Amino acid sequence: MKHPPARRSTCGDRLGRGIELALLAEELKESDVGLEFLTGELKGSHGPSGIVFTVLAAMSGMEREYIRDRTLEGHESARKRGKTIGGAGVTDSDVLFTALRLRDEELSLRDIAARLVISKGAEKGQHPSPATVMRMLREHDEQAVTAANA
């Protein structure tokens, strides 16, 4: 039987993403292909339906959750210190003024975005996304409420 080229992965990180490992295990099982570790505690050959695949998938899922949690904690810590998260802003007061005027005309976010042009940075000359327009308008509204309550 001709075997496909070996796939290599470190600790199952790439193989274990989501349901991919289970699907791959089924494909490998149908093709009579196994997993072989060249070094480490699991050194040797293992069938795709065995516990090794299951453990690697579980560890990979736990690692993803851990990374996600740590990233969110880092973002929260940065916000508390007054740092902004994300890329540089692509809007300015002129763009905001135009967006507010267009919103008053009851245009959709998509239509507003299509009429705006970014005037600075790497995105200069392009249109902002509707999500950027929504975020810009929401931040303006929140600042207006905060100022009114102060």
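Which residues make up the largest nonpolar core? Before I answer, please keep in mind that this is a predicted model, in which local features need pLDDT of at least 70 and side-chain atom pairs count only at pLDDT 80 or more, while totals for chains, interfaces and linings use all residues. Residues are numbered from 1 along each chain as its sequence is written, and side-chain values use heavy atoms, with hydrogens and water left out.

The core, meaning a set of buried Ala, Val, Leu, Ile, Met, Phe, Trp, Tyr and Cys residues joined through side-chain atoms within 4.5 Å, has twelve members: Val-95, Leu-96, Ala-99, Leu-100, Leu-102, Leu-107, Ile-112, Ala-113, Leu-116, Val-133, Met-136 and Leu-137.

Turning to H3 itself, residues 93-104, Val-95, Leu-96, Ala-99, Leu-100 and Leu-102 are buried, that is, under 20% relative accessible area with a 1.4 Å probe and protein chains only, where exposed is over 50% and partly exposed lies in between. They lie on the same side of H3 because they cover an arc of only 165° around the axis, taken from the directions from the helix axis to the C-beta atoms. On the face turned away from that buried side, H3 carries the exposed residues Ser-93, Asp-94, Phe-97 and Asp-104.

As for the ends, Asp-92 caps the N-terminal end of H3, with a side-chain oxygen 3.2 Å from the backbone nitrogen of Asp-94, and just after H3, Glu-106 takes a positive phi of about 65°.

Terms used. Helices (H or I, at least four residues) and strands (E, at least two) are DSSP runs, numbered from the N terminus. A polar contact is a pair of N or O atoms within 3.5 Å; within protein, one must be able to donate a hydrogen and the other to accept it, and residues adjacent in sequence count only if both atoms are side-chain atoms.
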